Amino acid sequence: LLAKPMPVTLPLLLLLLEWWPLGRWSPLAGAPPGAARPWAGLLPPPSLWGEKSVLLALAGASAAVTLAVQAAAGAMDPAAAVPLSSRAANAAVACAVYLRRAIWPADLAAFYPYPWAGHPAPAVAGALAALGALVAVSLRQGRRRPWLAVGLLWFLVSLLPVIGLVQVGEQAMADRYTYLPLLGPGFAAAWWLAARAGRGRRQARAVAGASLAVVLALAVLAARQVGTWRDGVTLFSQAVAVTKDNHIGQNNLGTALLARGEAAAALPHFAETVRIAPHSPKGFQNAGRALAQLGRHAEAVDWYRQAIARDPRDPLARRNLGRSLEALGRREEAVAAYRESLALEPRDARTLDLLGVALARSGRTAEAVQLLEEAAALDPGNASVRDHLAVARAQRAVSPSAGRP
């Protein structure tokens, strides 16, 4: 975890620990009497900031590099159309949901789709009210029970890099983001239980019994959740069952079914992907793959062309288009599709092989041998390519002028 950009808030978390349990500053005690800035006591003293200066510099550099890499990869493009108010609303709802699922971890999913249309106003208002109440109560208890405030602030501060104020990707939230943040509520709960148990033997037994019951219930839930990770089909079946309009979940579920050879079962999930995200080429291309696997190549050609229209720079869609065209006997169109794919990805051994075989079948053996030799050089361990090359060479030996101008 610490090898990832996630802990960029580590210097701030260490400052919280300076408040409690180390007790090196007390933000709730206020500034000294007569101070020019009464709010100054709410911030750590300069000496503590100085101790964390190196970590703060490293955290800033890590954050800058992460943002630059994500922007270069295009992962932040969808955020350009999302106003800050919508991102803040999603962040509030996500915080509340994370806390709720920490208490009762049910209906978890591998991917939660971003609500591009926004959350309902009651959900946002409820989340803000709940978070505001928790912050107010914990700070009010700050002097007597500082672990409550530190635990909650640990949770909120450590979520800042991944809460979506700067949106990266298409997820609304991700349970994996909470490993570090939930340490805060965890130790707050532990200290609260310890305080309750310290009131007497009867109270200690009651706390121990209740804690054991909670642990057993969580163990049952954890066992059920682990079962959803058995394979891709179970994982994304769970995701689409507990979320709404999850086009990535639908597409991944269809892909997992397709990998098992269940093209007929996969096809409805790709159709659902296209319904939810008609701008995305993935659903169209994968629907074409499923149709091709079912032998419905004429329909597959239409889906591949729609995928290409949405992403003209995708070589795989053009390669798959060529395969379906060739299956329909439209070899010259297939050759053109393979050439377009190679223009986008010239060193793809699979496409070179397919084009070489298509040309050899068309009698253009000289060019076919050249392409197949290139494919064999790129993928020397591929026995199928070597077989195709041997056949093309034999054809060229029989008709040495084939394929020459």
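1. Glu 326 has a relative accessible area of 15% and therefore counts as buried (buried is under 20% relative accessible area, exposed over 50%, partly exposed in between, with a 1.4 Å probe and protein chains only). Its side chain meets that of Arg 361 in a salt bridge, at 3.3 Å from N to O (a salt bridge is a side-chain nitrogen of Lys or Arg within 4 Å of a carboxyl oxygen of Asp or Glu). The pair links distant parts of the chain, 35 residues apart, with Arg 361 in helix H16 and Glu 326 in helix H14 (residues 315-327). Helices (H or I, at least four residues) and strands (E, at least two) are DSSP runs numbered from the N terminus. Arg 361, at 54% relative accessibility, counts as exposed.

2. Basis of the note. The model is predicted, so local features need pLDDT of at least 70 and side-chain atom pairs count only at pLDDT 80 or more, while totals for chains, interfaces and linings use all residues. Residues are numbered from 1 along each chain as its sequence is written, and side-chain values use heavy atoms, with hydrogens and water left out.

3. Salt bridges elsewhere. Side chains of opposite charge can pair when their charged atoms come close. The whole structure contains 18 salt bridges. One of them joins Glu 18 to Lys 52, whose closest N and O atoms are 2.9 Å apart. Because Glu 18 lies in helix H1 and Lys 52 in the loop between H2 and helix H3 (53-72), this pair ties together parts that are 34 residues apart in sequence. Glu 18 is buried at a relative accessible area of 5%, and Lys 52 is buried at 6%. Both residues belong to a network of salt bridges that also includes Arg 24 and Glu 51.

4. A further salt bridge is formed by the side chains of Glu 262 and Arg 260, at 3.2 Å from N to O. Glu 262 is partly exposed at 32% relative accessibility, and Arg 260 is partly exposed at 46%.

5. Aromatic pairs. A pair of aromatic rings is described by the distance of the centres and the angle of the planes. Seven aromatic pairs are found in the whole structure (rings of Phe, Tyr and Trp, the last by its six-membered ring, pair if their centres lie within 6.5 Å; planes under 30 degrees apart count as stacked, over 60 as edge-to-face and the rest as tilted). The rings of Trp 20 and Trp 147 have centres 6.2 Å apart and planes at 55 degrees, so this pair is tilted. Trp 20 is in the loop between helix H1 (10-19) and helix H2 (46-51), and Trp 147 is in helix H6 (residues 146-159), so the pair connects parts that are 127 residues apart in sequence. Both Trp 20 and Trp 147 are buried. Together with Trp 154, Phe 187 and Trp 191, these residues form one aromatic cluster.

6. Phe 284 and Trp 303 form another tilted pair, 5.6 Å centre to centre with 40 degrees between the planes. Phe 284 lies in helix H12 (residues 281-293) and Trp 303 in helix H13 (residues 297-310), so the pair ties together parts 19 residues apart in sequence. Phe 284 is buried at 3% relative accessibility, whereas Trp 303 is partly exposed at 24%. Arg 310 lies over the face of Phe 284, at 4.0 Å from the ring centre (a charge sits over a ring if NZ of Lys or CZ of Arg is within 6 Å of the ring centre and within 35 degrees of the ring normal).

7. Backbone geometry. Trp 20 and Pro 21 are joined by a cis peptide bond with omega of about 15 degrees; Pro 21 is placed in the loop between H1 and H2. Asp 107, although not a glycine, has a positive phi of about 60 degrees, and lies in the loop between helix H4 (84-103) and strand S1 (112-113). Asp 245 is likewise a residue other than glycine with a positive phi, near 50 degrees. Asp 245 is located in the loop between helix H9 (232-242) and helix H10 (247-259) and is partly exposed, with a relative accessible area of 39%.

8. A buried threonine. Thr 351 lies in helix H16 (residues 349-361) and is buried, with a relative accessible area of 1%. Leaving aside neighbours within four places in sequence, Thr 351 is in contact with Arg 319, Tyr 338, Ser 341 and Leu 342 (contact means heavy atoms within 4.5 Å).
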